[in-house]
Amino acid sequence: MHTLIQVIIDGVILGGFYALMAQGLSLIFGIMRVINLAHGEFLILGAYMAWVAQEYLGLDVLMTLPLLIALGFGFGWVVSRVVIMPVLERHELMPLLITFGLASVIAGLLTVTFTTTPKVTTAAYSDSVISLLDYRVSVSKAVMLVAALVLLTMLTLFLNRTKKGKAMKATAQNREAARIVGINVTRMYCSAFGLGTAVAFAAGGLFSVTQGFHPFMGGLFTLKAFVIVVLGGGGRVSGTLAAAMFVGIIEAGLSGYVSNIGTSLGTAAAFVLVVVVLALRPEGISRLGGVRA
Amino acid sequence: MPTSVPETHTKESSIAPGEVMLEAAGVIAGYGGFDILHGIDLEVRRGEIVSVVGPNGSGKSTVFKAIYGLINVRQGMVVFEGENVTAMGPQELLRTGMAMVPQLSTVFPSLNVYENLELGMYLVRDKARVKTRIDDIFDLFPRLADRRAQYAGTLSGGERRALEIGRSLMLNPRMILMDEPSVGLSPILTKEMFQQLRELRDTAGITFLLIEQNARSALELADRGYVIQRGLVSHTGTGEALLGDEEVRRAFLGG
């Protein structure tokens, strides 16, 4: 019983992080119909930035977060404008290949700059642990969960309540109609890519405090984010959140009950899950569609 | 049906009120170097409802696209209220006061009716103005007001069309270009919609240019009409005159 509850706690924390990570990918896919294969690398890039900010400027990750979001948005905007938009109307595999190449380039540049030795961003609360009854949660993980949920809420509010957010959803739902009402579709696509990248940077920054990271972790994150987006039905934030929690708890469960290889098993289990879900419900847990909330 | 390229038979009517609002002169346009329109001349006067009809493949939808800047006009020009708008795209035309309702469904299915209307005024920053304008639209279309919180995707065909027309009215256009507004609507709903267009013309003074497959209804509604065949205007005149024209009837009204 004790292990089960600890597993659920760990799973929810992991799930919160996964939800944020996956929502970035989902946003880009939902609006542009582009699968960003560099999403995990973007996340790792964010992690290194948080590490640099802490190491050289002494900034806590929570202080760095707004900066990461701004930089991520700008970086994503430029990347989509310069390399994705020109090929978007061409063959559908082109954006896939471009983002795949981008992933290799980022991982390579990070290796050259930081070597492959794992890094961890330190924080004043790095060694602190919250203990309640017999259950233990590190403060840095609790911070990650809370920040992830806050950011997800902000993203949802942005999409549902603001003019720009609604225009973004509208573009996802009917591109021609968006043009007719005067929405600049190219700009909307770049903003969506920027926003998705900002989310990845933020998720990476939060993650960097909880665990060691290295330049070649990105691929796994991309895969997991993809799994969660498919499971969640792509689109609704609530669907992504549910799928992310599900994957998080399964992963935490396997690593809690199976020693040593549990975490890798968890990842494998997530993929098995996707195959099963897609076989039974091809539309995902909720349904695959445009961006909704 | 004439075998050679048909020429204009009916002289233009003089009953049209107001000055010329939109004029297409010698428009040649098509796709990928292949011309569909071989020199279209037409004009719409302020306060008129003008229908462009023609058989399938005659090029009437291309007329729409050429005027609205969705395809390049290779030769000739389009003038709207004295301004040369030949090279303008949809965004710019919106600002000049010409709105369009295309043939494809253009509602945002997962946004509600209110949000759909809001986006009709995407180019306007003043929120209070948007709100007032939405109230105006709800006065014109009470059925949309009843469904304001409903997703547009759940509306019936007629309601969707009303929403599209309502949304195109948001920016207060002086002229609305419509491509096949009756597509997907039952005859009764088509009649209702045409009635609504007439009311909009009478009350709000909006000028309409309709491209219609449904020639009979479109000509009954219209003040004037143009018949397009093989990329050229073959007949023009009042709606009544065209409906009565032996040749037009034989060509494609089915006798």
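Among contacts in chain B (heavy atoms within 4.5 Å) between residues at least 6 apart in sequence, 69% join residues at least 24 apart. This is a predicted model, in which local features need pLDDT of at least 70 and side-chain atom pairs count only at pLDDT 80 or more, while totals for chains, interfaces and linings use all residues. Residues are numbered from 1 along each chain as its sequence is written, chains are lettered from A and ligands numbered from 1 in the order in which they are written, and side-chain values use heavy atoms, with hydrogens and water left out.

Let's stay with chain B for its overall form. Chain B has 10 helices and 10 strands, assigned as DSSP runs numbered from the N terminus (H or I of at least four residues for helices, E of at least two for strands). The C-alpha atoms of chain B fill a box of roughly 55 × 35 × 35 Å along the principal axes. A compact globule of 255 residues would have a radius of gyration near 18 Å, and the 18 Å of chain B agrees with that; the radius is taken over C-alpha atoms, and the globule rule is 2.2 Å times the number of residues to the power 0.38. Of those 255 residues, 55% count as buried, where buried means under 20% relative accessible area, exposed over 50% and partly exposed in between (1.4 Å probe, protein chains only).

Now for the charged pairs. Side chains of opposite charge can pair when their charged atoms come close. The structure holds 19 salt bridges over all chains, each a side-chain nitrogen of Lys or Arg within 4 Å of a carboxyl oxygen of Asp or Glu. One of them joins R174(B) to E81(B), with the closest N and O atoms 2.7 Å apart. R174(B) sits in the loop between α6 and β7 of chain B and E81(B) in the loop between β4 and β5, so this pair ties together parts 93 residues apart in sequence. R174(B) is partly exposed at 34% relative accessibility, and E81(B) is partly exposed at 30%.

At 12% relative accessibility R201(B) counts as buried, whereas its partner D202(B) is exposed at 54%; their salt bridge is 2.9 Å from N to O. R201(B) also forms a salt bridge with D223(B), at 2.7 Å. Since R201(B) lies in helix α7 and D223(B) in the loop between α8 and β9 of chain B, this pair ties together parts 22 residues apart in sequence.
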